[in-house]
Amino acid sequence: MKLQVAIDRVSLDAALALAKQLDPIVDIIEFGTSLVKDYGLITLREHPLHLTHAKLLLDLKTNDEGAYEFKQGFTTEADILTAMAASAKATLQQVYDVTQQAGKELLIDLLEVDHTRIQSLLEFDQAIFGLHHAKDTGTGFDAVATTAQFHRDFPQVQRIAVAGGIDLDQAQALAAQGIAETVIVGGKISGASDPVAAAKAFMEAIK
C-alpha cells in the first residue's frame, strides 16, 4: 500500500519545506485544494520541489474546463491531478485523455456520487478511484467497511485511494485488507507536532 500525505491550509513556504522533509519517506505528496487555490498553478510552477522519491499530486478537483485545467496542471511538476466524478462525462473524458497523453495519472474523486454515476465511469480503467469522506459532514468514516463495500460493488476497479480522517489504526486495517492501493492521510501527519515521525509511523503501519 502507498501512503499519500495531504498538505493543506498552510503557507506556501511551509508546504514546500514540509514536502521536502517528507519526500524521502512517503510515496505521494499532495498539495491540497486550498494550496492550489491560494497560490495558483503559476506560483507552484515557479517554485519547483524537485522531489527525488515521492510523486506530487495537485488536488485540482476539476469540475469543468477539463482539458485546459489538466494541461495547465501538468506544466507543474505534478504527477497526478484530480477531477470530480460529478463532472460532465465529457469533462472526465477530456482529463482522462490529457492524462494518458502526458503519461501521468488521474484520480477521480467520488465525493457524493451514487452507484449509477460510478458505473458510468468504469471505462476509465487506468484512473485511480478516490473514496472520499467529506470533511464538512462532521461525521465519522469507516474506511475499511466503505472500501470493502466498494470492492464488492465494483470489483473491476483496480486502483482505489481512500481519504477521510484516516488514523494509524485505520491505515493498518486498510493495509491488512489488501484492497486499496493508496491511503491518504492529512492532519494526522501534516498537522502533527513532528510530521516526519508521524509519517514514519504510518509507513510502518501499512507495511
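Close-up 1. The model is predicted; local features need pLDDT of at least 70, side-chain atom pairs count only at pLDDT 80 or more, and totals for chains, interfaces and linings use all residues. Numbering starts from 1 along each chain as its sequence is written, and side-chain values use heavy atoms, without hydrogens and water. Helices (H or I, at least four residues) and strands (E, at least two) are DSSP runs, numbered from the N terminus.

**Close-up 2. Helix α4 spans residues 89-102.** This helix has 14 residues and reaches 20 Å from its first C-alpha to its last. That is close to the expected 20 Å at 1.5 Å a residue (1.5 Å times one less than the number of residues).

**Close-up 3. T91, L92, V95, Y96, V98 and T99 are buried in α4.** Buried means under 20% relative accessible area, with exposed over 50% and partly exposed in between (1.4 Å probe, protein chains only). Seen down the axis of α4, the buried residues fall within an arc of 165°, so they line one face of the helix. The arc is that of the directions from the helix axis to the C-beta atoms. Their packing partners are β3 (55-62), α3 (66-73), β4 (80-84), β5 (105-109) and α5 (115-119). Contact means heavy atoms within 4.5 Å.

**Close-up 4. Helix α2 (residues 33-46) has a kink of about 90°, centred on G40.** The bend at a residue is the angle between axes fitted to the seven residues ending there and the seven starting there. T33, S34, L35, V36, L41 and L44 are the buried residues of α2. They pack against β1 (2-7), α1 (12-22), β2 (28-31), β3 and α3.
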